[in-house]
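Subject: Structure for you to look at

Hello,

Here is the structure I promised you. Please open it alongside this email and follow along.

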Amino acid sequence: MLTIESAARITAVIVGIGILQGSLQLLLSLKEFRASGLFAWNSRQAMVGSRGTSREWMVGRTGAGWLLVVVIARIVGSVALIIPFQSNLLYASYATIILLSSLFLVYQIRYGKDGSNQISFIILAGLVFTFLIPTSSPFQAVGLYFIAAQGLFSYFAAGVSKLSNAQWREGSALQSILNTATYGQSQVAELIRRRPWVGGFVGWSVIIVEIIFPVALVAPPGLLVVLLFTGAMLHLGTVLLIGLDTFFWAFTATFPAIIFVNGFLLGR
Amino acid sequence: MTIDVASSVLGVIGTVVFSVWFLLTVAFQKNNPLSRLTTRFDRFTLIPKWSFFTPDPGASNYHFVYRSRDEETSVSPWLELNLSPRGMFFPLWNPRKRYREGMIELFQLLALASITCSADRLQFTAPYVILLDVARKRLGDSLSLQAFYQFALVETRGPSGASVPLVRFYSLTHPVS
């Protein structure tokens, strides 16, 4: 259904959009990382762990300056990753730049990371590998196998984790989440409170979709489309209701690799 | 020929690295000796734990409040840091998300540490020091050198004002100087 090249390119475009969105938001929050900003403690944490002054460049005005350089490099790298018709070597270098900048950000900003950062890192690692290996090599698809395996496993593990939780099984978890000031939507929470079966139905639908998601690996085309569409809608729902904006791009970026591996396994 | 050998070597290394990475991810989902070892050495959090909205589906609201006390004056009212401001386009544009999630992570770490650490040791833990710094910065230049300040973590359930606030943690009172 998809060749290695096309699957890698579509993955790069989707993950690139997500990284661009996240990096632009980070660019606008940079004032919080300066010495007087609310986020200064994040960079100071790097100093606490260093037991010395060798990392002084990471704090204060110099630290904020380096952070700006890294964020701009991410923005340029993600835009370059989205632009079509370039060589694999160039795409590999853009993905490497973003990958290295991700390591720097994880080190510098210790708190507040989420699953979208982790899956994006996994995708970029797989892409760098796929773009670096020559098209003639039997190893070129390994990066895509890795992305597909991690993507499918993420849904399965999240589904099993929800299944073992009483609130999710009873159908009250969704209302609890939407009822909070932090993640919530009071109108939707009120709707679920008045019709508890809606919360139960949606909650169980999420659990079932997540657990059966790995079936996508060997599903016939019709079922594959249904599973991927349902997965995308699940993420769109969390974007609209909970505000997990970067999750949509990060997790749907694994879908082209899943389609590729599905085609490979079923001999299409 | 040289390129073929190099790409084959790279291919084998990549296959091994990705296989180990994936197997560690699978093992990391449950609390076991291997996952504890991984947590200890995984400085870059490369090994993910896929447990969205579990084990706690996130039914609590966390509030960070702080106040000051001057030598001559009485204690100021508690002030709250607003962690949940949302713009109209928050599904597309949510730049405060990282800050908010970082603060919530710190609250949870501090609440956890308060169970296992004595009050004396707790004030030297990273979450305590960082949150104290946030309170100090929020109070800003209004504090005199003789003033004292403290912070507290408060938990509520449901929408704003719907439940009785539960104080999860009070910090000690610290001198500005």
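Which domains does the domain assignment give for chain A? It gives domain 1 (1-138) and domain 2 (141-268). Keep in mind that this is a predicted model.

**Chain A as a whole**

Start with the secondary structure. Chain A has 13 helices and zero strands. Its pattern along the sequence is α-α-α-α-α-α-α-α-α-α-α-α-α. Chain A has 268 residues, and 50% of them count as buried. Now look at the contacts in chain A with a separation of 6 or more. Residues 24 or more positions apart account for 70% of these.

Domain 1 of chain A puts 23 residues in contact with 23 residues of domain 2 of chain A. On the domain 1 side, α1 and α5 of chain A each supply at least two residues. Which helix gives the most to that side? The answer is α1(A), with eleven residues. By class, the domain 1 side holds 14 nonpolar and nine polar residues, and no charged ones.

**Two helix pairs in chain A**

Take α1(A) again. It packs against helix α13 (residues 255-265) of chain A. The angle is about 165 degrees, and the axes are 8 Å apart. Are the two helices roughly parallel or roughly antiparallel? An angle over 145 degrees counts as roughly antiparallel, so α1(A) and α13(A) are roughly antiparallel to each other. Their crossing is right-handed. From α1(A), the contact uses Ile4(A), Ala7(A), Ile10(A) and Thr11(A). From α13(A), it uses Pro256(A), Ala257(A), Ile259(A) and Phe260(A). That makes seven nonpolar residues, one polar and no charged.

Now take α5(A). Its partner here is helix α12 (residues 245-252) of chain A. This pair packs at an angle of about 25 degrees, with axes 9 Å apart. Angles under 35 degrees count as roughly parallel, so α5(A) and α12(A) are roughly parallel to each other. Their crossing is left-handed. On α5(A), find Gly115(A), Ser116(A), Ile119(A) and Ser120(A). On α12(A), find Thr246(A), Phe247(A), Ala250(A) and Phe251(A). The residues of this contact divide into four nonpolar and four polar, with no charged.

**Where chain A meets chain B**

How many residues does each chain bring to the contact? Chain A brings 53 residues and chain B brings 52 residues. On the chain A side, several helices each supply at least two residues, including α1 (4-28), α5 (115-132) and α11 (221-242). The helix that gives the most is α6(A), with ten residues. By class, the chain A side has 29 nonpolar, 19 polar and five charged residues.

**Chain B**

The domain assignment of chain B gives domain 1 (2-41) and domain 2 (60-175). Their C-alpha centres lie 39 Å apart.

Next, find Asp4(B). It lies in helix α1 (residues 2-28) of chain B. Is Asp4(B) buried or exposed? Asp4(B) is exposed, because 11 other C-beta atoms lie within 10 Å, and a residue with 12 or fewer counts as exposed. Then look for Leu139(B). Asp4(B) and Leu139(B) are 135 residues apart along the chain, and their C-alpha atoms are separated by 63 Å.

Most residues other than glycine have a negative phi. Two residues to check are these.

- Phe85(A) is not a glycine, yet it has a positive phi of about 60 degrees. It sits in the loop between α3 (60-82) and α4 of chain A. Phe85(A) is exposed, with 5 other C-beta atoms within 10 Å.
- Thr45(B) has a phi near 45 degrees, a positive value in a residue other than glycine. Its place is the loop between α2 (33-41) and β1 (60-69) of chain B. Thr45(B) is partly exposed, with 15 other C-beta atoms within 10 Å.

Best wishes

Conventions
Residues numbered from 1 in each chain as written. Chains lettered and ligands numbered in written order. Predicted model: local features only at pLDDT ≥ 70, side-chain atom pairs only at ≥ 80, totals over all residues. Contact = placed C-beta atoms within 7 Å. Helix = DSSP H or I, 4+ residues; strand = E, 2+ residues; numbered from the N terminus. Nonpolar A, V, L, I, M, F, W, Y, C, P; charged D, E, K, R; others polar. Domains from an automatic or database assignment. Buried ≥ 20, exposed ≤ 12 C-beta atoms within 10 Å, placed from the backbone. Axes fitted to C-alpha atoms, helices over the stretch in contact; angles between N-to-C directions. Parallel < 35°, antiparallel > 145°, perpendicular 65-115°, else oblique. Left-handed = near helix turned anticlockwise from the far one by under 90°.
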